[in-house]
Amino acid sequence: MEVGLSHFLVVSTALFSLGIYGVVTRKNAVMVLMGIELILNAANINFIAFSRYGNFGLNGQAIALFVIVLAAAEAAIALAIVLNIYKTYNHVNVDEIEDLKE
Amino acid sequence: MDLNGLYESIALIKPEIVISLTLLAIVLFDLILSNSKKLLPFIAATGLAVTLVIQIIELSTTGYAFSPQNATLFYGMLSVDSFGAFFKVIILVSSLLIVYFSAVTDEIKQSFDRLGEYYTLIFGMILGMMFMTSAIDLILIYLSIELLSLSSYVLAGFTKIRQRNNEASLKYIIYGAVSSGMMLFGISLIYGMAGSTNLVELNNFIQSGSINLVTFSIALILIFAGFGFKISVAPFHFWTPDVYEGAPISITAFLSVASKAAGFAVLIRFIRVGFVSYVDSDGFWRLSEVFDWQALLVIISILTMTLGNFSALWQDNLKRMLAYSSIAHAGYMLLGLAVLSNQGAFAILVYFSFYLIMNIGAFFVVMLIANKLGSENIDDYNGLGLKSPFLGVALGLFLVSLTGLPPTAGFIGKLYLFIALVDAKMIIVAVIALLNTVVSLYYYIRVLKKMYLSNPTEDTPEIKTSAMNTIFILILAVPTLVFGLYFAPVVDFAKMCISFFGV
């Protein structure tokens, strides 16, 4: 069986759905961030697969590189913020951090 | 490589270059002369003033920057035109105001040793916003939104004086990262279908037909999540009240004006460049029949303003109330886009220029009071208007203007919006917006009632405003009143600025 575009799309859609599922259900802030990483990487797979099978040149792969750098920056900032949360609350459970409620 | 094209492109982005240079200057200054941090606001203000002057000189410059070579169509990464220039002016003016705002905010003063980082991040935000206003490539749109977001995530939790700062930035980054991730996934689907991330090519592709409409609509809704998060419309608004309440107040004011302006600019351009097949003689945009933008935008804007106004009714914290009020204002402005006409876009421009002064003004007065009281709770405002008449009158004026009552600038902004709606025969929508304005009257006037009709208690402070602060408030309050009566200059300026380049 030849591996084609649709195989990649199935993988990326599964990753995207898993990412959303993780963000919605997980309580630990670090796990939520991992869900976000899954979403970004699902998009990356799409970009690379489309650029390979669609003959769109190398644009898609260049975009994937941008996204990888951005994901790293975002993870760095997010983890720093989570560390701060840990210092103030002694836990990183996103459901219990709710001082700002009406 | 074609260096001539590169030089021409660089000539088109002079304001952005000056902002980047100022950012570098601030970083270096903070590193080398770390003992004279007092000068940092002056460097920031100088950089912004220079950029503003350049931007005003370049107001009518048009052109595509960073065009690909050997392409069949003529396009670029950026489309520099007067529409983007208008929003850049709004962003720069509000940044200038925010630099002074930050310099007198107690919360920021207490983090004096980290002032260098503060201004660096502010300039990161400004740079992101400047690129957002003229980007016409989906990837550049995504990158500039992220540049704006990453800086603002940090700034939302900058002061760390209270627990709520941390919570604000955590909520902001989680909501922000998810919505921008969804946006990126949508962009990847568009790229797969159109073969390009450029909006001009996307428009070309849409008009050629042969689209899988289901996938295309899903991709567009995912992309809209990213824009919706930035302009905080329902159902992507959940972060707004928490972040606005938890962030330092100068950042709250900045987010509610400049970041929202950039979000609107990029959304308007996205629809205008990507989907409009032609503009008819009355200025209405005729969209390619692939996606019903009008229905989506009308539903979302009605939902947004209703939710914003009704949630604001029970807020006791003024910052939180202004957050919901800014959600409601995003709803009104989105109606201007939902009209899908030049008239509607023009109404948004007018609305934004007035929203800028009245919203920053309201936040500034709330900040001055919070500096004294240490809280923004409405119960502390008992009889405040009687003890500190100047602040009371100023806050009253800004709130009346936010409601949209004559003779203030807010009224003119709403008037043009309603004219655009009526012109497009969207009477029912206009009536709903009008009823919403009536609802909003309650929570704005409630503050006035507390300030003037309750008797002052012993705790009610008498707040003295320094000469500089008085001048700053007057700079914002006088236009709020004057533009309500004599608005021709702003309207003419906005009219001059609704031309889009290329399409």
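Modeller: B:K425 counts as exposed because it has 10 C-beta neighbours inside 10 Å; a residue is called exposed at 12 or fewer other C-beta atoms within 10 Å of its own, buried at 20 or more, and partly exposed in between, with C-beta atoms placed from the backbone. The model is a predicted one, in which local features need pLDDT of at least 70 and side-chain atom pairs count only at pLDDT 80 or more, while totals for chains, interfaces and linings use all residues. Residues are numbered from 1 along each chain as its sequence is written, and chains are lettered from A and ligands numbered from 1 in the order in which they are written.

Although B:K425 is not a glycine, its phi is positive, near 60°. The residue sits in the loop that links α18 and α19 of chain B; helices here are DSSP runs of H or I with at least four residues, strands are runs of E with at least two, and both are numbered from the N terminus. In general, most residues other than glycine have a negative phi, and most peptide bonds are trans.

One joins B:P406 to B:P407, with omega about 5°, and B:P407 is placed in the loop between α17 (389-403) and α18 (409-423) of chain B. Another joins B:A234 to B:P235, with omega about 0°; B:P235 is in the loop between α10 (213-231) and α11 (239-246) of chain B.

The crossing of α13(B) past α19(B) is left-handed, that is, the near helix is turned anticlockwise from the far one by less than a right angle, whereas clockwise would be right-handed. The contact, defined by C-beta atoms placed from the backbone that lie within 7 Å, involves B:V298, B:I302, B:M305, B:T306, B:N309, B:F310 and B:A312 of α13(B), together with B:V429, B:I432, B:A433, B:N436, B:V439, B:S440 and B:Y443 of α19(B). By class, this contact of α13(B) with α19(B) has ten nonpolar, four polar and no charged residues, where Ala, Val, Leu, Ile, Met, Phe, Trp, Tyr, Cys and Pro count as nonpolar, Asp, Glu, Lys and Arg as charged, and the others, Gly among them, as polar.

Two further helix pairs of chain B complete this view. For α4 (residues 82-104) and α15 (residues 342-373), the axes come within 11 Å and cross at roughly 5°, which makes α4(B) roughly parallel to α15(B). Their contact is made by residues including B:F86, B:I90 and B:F101 of α4(B) and B:L349, B:F352 and B:F364 of α15(B); it divides into ten nonpolar, two polar and no charged residues. The axes of α6 (residues 115-134) and α12 (residues 249-275) come within 7 Å and cross at roughly 25°. The crossing of α6(B) and α12(B) is left-handed, and the residues in contact are B:M129, B:M132 and B:T133 of α6(B) with B:A258, B:S259, B:A262, B:A265 and B:V266 of α12(B).

Chain A, for its part, has three helices and zero strands. Chain B is touched by 32 residues of chain A, which are in contact with 33 residues of chain B. The helices α1 (5-25), α2 (29-53) and α3 (59-89) of chain A each supply at least two residues of that side of chain A, and α3(A) gives the largest share, 13 residues. By class, the side of chain A that touches chain B has 24 nonpolar, five polar and three charged residues.

Definitions and conventions: Contact = placed C-beta atoms within 7 Å. Axes fitted to C-alpha atoms, helices over the stretch in contact; angles between N-to-C directions. Parallel < 35°, antiparallel > 145°, perpendicular 65-115°, else oblique.
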